[in-house]
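Please look through the sequence and the 3D view that follow, and keep both at hand while you read.

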Amino acid sequence: MNSNKAESSPPTTWADHEIMWCLTVTKGVTPTELLLRYGAQPEQAQPLKRQQAEELGQRISDESVSGTVLRVGTVNGWSFCLEEWGWIGSTRAVLTRLSQNTECFSLQQDARGRSIFQVWRDGHQAERFEPGMISTRPVPPHPWWDVLEQCRIASRQDFPGWGPVLRSVSEHTGVTLDNETVRSQLLTVLLRDDSQGYGAPSPVTQKSLGFGLQLTQNDSPQEP
């Protein structure tokens with residue numbers, strides 16, 4: 001009977017236990033270029049395990065530093081960036097830069113507990129919604145909404161945790177950000193609000209986006 005109960009419960013991941021975090025996965029860029037698009041200085045990054053990254057992040061509160069800790073890696077031509085205590089990877093300014101001439105996914109859990117999934121291509125938002133929340137379903141076509149809805153229905157859960165979302169992104173990108181990977185050594189940097197990077201120029205593009213690319217302290221996660 002206990003085994004049946006365990007089978008009915010969705011498996012949990014690191015993402016289900018964090019209060020606020022943001023993950024981006026971007027195609028065809030190196031970790032160095034990814035950091036530049038975030039506005040960080042790659043030469044300041046160093047390989048750190050999760051506990052060491054937590055100590056770096058503690059400076060944000062202990063020293064009243066305004067910023068976020070970026071942890072970066074690469075798999076199969078896709079580079080990812082995890083903020084376990086931040087959200088700038090969910091903002092329009094950063095996603096515009098990350099997705100220039102490529103494709104980028106953003107998965108975020110905000111401080112209010114909302115789960116937000118975004119797909120960006122070539123500087124433009126393709127889909128944005130909260131998995132499992134029908135009221136946030138984007139206008140068609142919405143292939144990623146369809147995929148994640150199928151996963152939710154198959155699980156028989158209103159929201160079966162982040163596991164199905166992470167697996168779906170992994171199947172598409174080859175990037176598997178499991179518990180072991182999060183605990184492992186990743187290239188890490190503290191990106192401060194007052195760093196030069198927060199106003200970094202966008203990568204060269206042949207398209208005019210029609211709006212600015214600078215990120216300021218007032219640039220908060222988008223509302224639906």
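A residue is called buried if its relative accessible area is under 20%, exposed if that area is over 50%, and partly exposed in between, using a 1.4 Å probe and protein chains only. The model is a predicted one, in which local features need pLDDT of at least 70 and side-chain atom pairs count only at pLDDT 80 or more, while totals for chains, interfaces and linings use all residues. Residues are numbered from 1 along each chain as its sequence is written, and side-chain values use heavy atoms, with hydrogens and water left out.

Ile88 sits in the loop between β4 and α4 (92-98), where helices (H or I, at least four residues) and strands (E, at least two) are DSSP runs numbered from the N terminus. Ile88 counts as buried because its relative accessible area is 4%. Although Ile88 and Trp21 are 67 residues apart in sequence, their C-alpha atoms are 9.6 Å apart in space.

Thr26 belongs to strand β1 (residues 21-27) and is buried, with a relative accessibility of 0%. Leaving aside residues up to four places away in sequence, Thr26 is in contact (heavy atoms within 4.5 Å) with several residues, among them Leu34, Trp78 and Cys104.

Rings of Phe, Tyr and Trp (its six-membered ring) form a pair if their centres lie within 6.5 Å, and the pair is stacked with planes under 30 degrees apart, edge-to-face over 60, and tilted for the rest. By this rule there are eight aromatic pairs. In one of them, Trp78 and Phe105 are tilted, at 6.0 Å centre to centre and 35 degrees between the planes. Because Trp78 lies in strand β4 (residues 78-83) and Phe105 in strand β5 (residues 103-109), this pair ties together parts that are 27 residues apart in sequence. Both Trp78 and Phe105 are buried. The pair of Phe117 and Trp144 is also tilted, because the ring centres are 5.6 Å apart and the planes stand at 40 degrees. Trp78, Phe105, Phe117, Phe129, Trp144 and Trp145 form one aromatic cluster.

Turning to a helix, α3 (residues 50-62) has the buried residues Arg50, Ala53, Leu56 and Gly57. Seen down the axis of α3, these buried residues fall within an arc of 120 degrees (taken from the directions from the helix axis to the C-beta atoms), so they line one face of the helix. On the other side of α3, Gln51, Glu55 and Asp62 are exposed.
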